[in-house]
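Student: Could you pick a single part of this model and take me through it closely? I'd like one connected account, with the residue-level detail left in.

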Amino acid sequence: MSNNLIFSGIQPTGNLHLGNYLGAIRNCVKLQNDFDCIFCVVDLHAITIPQDPKVLHASIREVAAGLIASGVDPKKNILFNQSRVPAHAELAWVLNCIARMGWLNRMTQFKDKAGKNRDNATVGLYVYPNLMAADILTYKATHVPVGDDQKQHLELARDIAQAFNSQYGVEFFPLPEPQIFGAATRVMSLRDGTKKMSKSDASDQSRINLTDGPDEIAQKLKRAKTDPLPLPETVEDMAARPEVANLIGIYAALSDRDIADVVTEFAGKGFAEFKTRLADLAVSVLGPIGLEMQRLTADPGYVDSVLREGGEKANAIAAPIVDQVHDIVGFLR
């Protein structure tokens, strides 16, 4: 087992868009240079809320294709969908018997997702953080990339690992460390800078899909909503201009630059020049990804083979670890 092992779970969200790429996928690509990586399309997590089975099936393939098209090397890393490896669910049950109700009651994401009608939420949604802990600990992962919305879940995973070790008098599970990438890029709609970019928006012009070709990317950005004023002189001037802040944030993220540097470069200029530059940049970064995704989605057999082989590799790591857990707990095998 590696002492430098990343586990990263990616939700099978269909119709991947720019927000998914900047928020998660490109970080996966960066991680593979410094860590041994396990990338998992978390389809068990997906069914904590109702899913159309056919849509879920397609979404699993699409996320895998998106990762590969963006630069994740399936030969260098392990890429699979979660349900292929029984150890995730097996360990999750053991961890259900370690985690405390009080710990789960503090999980803010359940409260947000369940809403006011919590009695109608599924048990799976409630114990979702325990499954997330099992995902990580099944491989004894040492590092986990997290955004602000997942920090609490990783802290719980560490608490569960420590509680298991203490209860059984072992030093079995490591305490996984967070891998933080700094301020996350929050990508908003191209039609309304106050709303998050979303696959559910009725207007396809509101988002850049990862399957979009170069012409579509350029056209959507050139049509993106702005306002009649020139580009801002300072970062503070963007506060009351959400559409402008969104486009500048996208430019900064795609070029790996600070927002302040981008503001300084374009201060006082008109949007025609800026949008042309932004479109050229986006096409250079996203265009090849879109073309490759189109090719991969047209060849589901290849994507399925990657997930199958990845599942076999993941199972080879996970099964012996869960067997050891069974021995520690006292199960008769």
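Predicted model: local features only at pLDDT ≥ 70, side-chain atom pairs only at ≥ 80, totals over all residues.

Tutor: Let's start with Arg 207, which sits in the loop between β5 (177-179) and α9. Is this arginine buried or exposed? Its relative accessibility is 6%, and since the cut-off for buried is under 20%, Arg 207 counts as buried. Two polar contacts involve its side chain. One is with a backbone atom: a polar atom of the Arg 207 side chain lies 3.3 Å from the backbone oxygen of Ser 203. The other is side chain to side chain, with Asn 209, again at 3.3 Å.

If you set aside neighbours within four places in sequence, Arg 207 touches Asn 15, His 17, Leu 190, Met 197, Ser 198, Lys 199, Asp 201, Asp 212 and Lys 220. Arg 257 is another matter: 50 residues along the chain from Arg 207, with 22 Å between the two C-alpha atoms.

Now look at Ser 206, which also lies in the loop between β5 and α9. Ser 206 has a relative accessibility of 1%, so it counts as buried too. With the neighbours within four places left out again, its contacts are Ser 189, Leu 190, Arg 191, Met 197, Ser 198 and Asp 201.

On the α9 side, the contact is made by Pro 214, Ile 217, Ala 218, Leu 221 and Lys 222. Their partners in α12 include Lys 275, Leu 278, Ala 282, Leu 286 and Leu 291. By type, the residues of this contact split into ten nonpolar, two polar and two charged.

For the rings, the structure holds eleven aromatic pairs. One of them is Phe 110 with Tyr 126: the centres are 5.2 Å apart and the planes meet at 80 degrees, so the pair is edge-to-face. Phe 110 belongs to α6 and Tyr 126 to α7, 16 residues apart. Phe 110 is buried at 13%, and Tyr 126 is buried at 15%. A tilted pair is formed by Phe 164 and Tyr 168, with 5.1 Å between centres and 45 degrees between planes. These two are four residues apart in α8, so about one helical turn separates them. Phe 164 is buried at 0%, whereas Tyr 168 is partly exposed at 27%. Ring pairs join Phe 164 and Tyr 168 with Phe 172 and Phe 173 in a cluster.

Last, the backbone. Lys 140, in the loop between α7 and β4, has a positive phi of about 50 degrees without being a glycine. Asp 256, also not a glycine, has a positive phi near 55 degrees. Asp 256 lies in the loop between α10 and α11, and is exposed at 57%.

Notes. Residues numbered from 1 in each chain as written. Heavy atoms only, no water. Contact = heavy atoms within 4.5 Å. Nonpolar A, V, L, I, M, F, W, Y, C, P; charged D, E, K, R; others polar. Buried < 20%, exposed > 50% of the residue type's maximum accessible area, 1.4 Å probe, protein only. Polar contact = N/O pair within 3.5 Å; in protein donor to acceptor, adjacent residues only side chain to side chain. Phe/Tyr/Trp six-rings, centres within 6.5 Å; stacked < 30°, edge-to-face > 60°.
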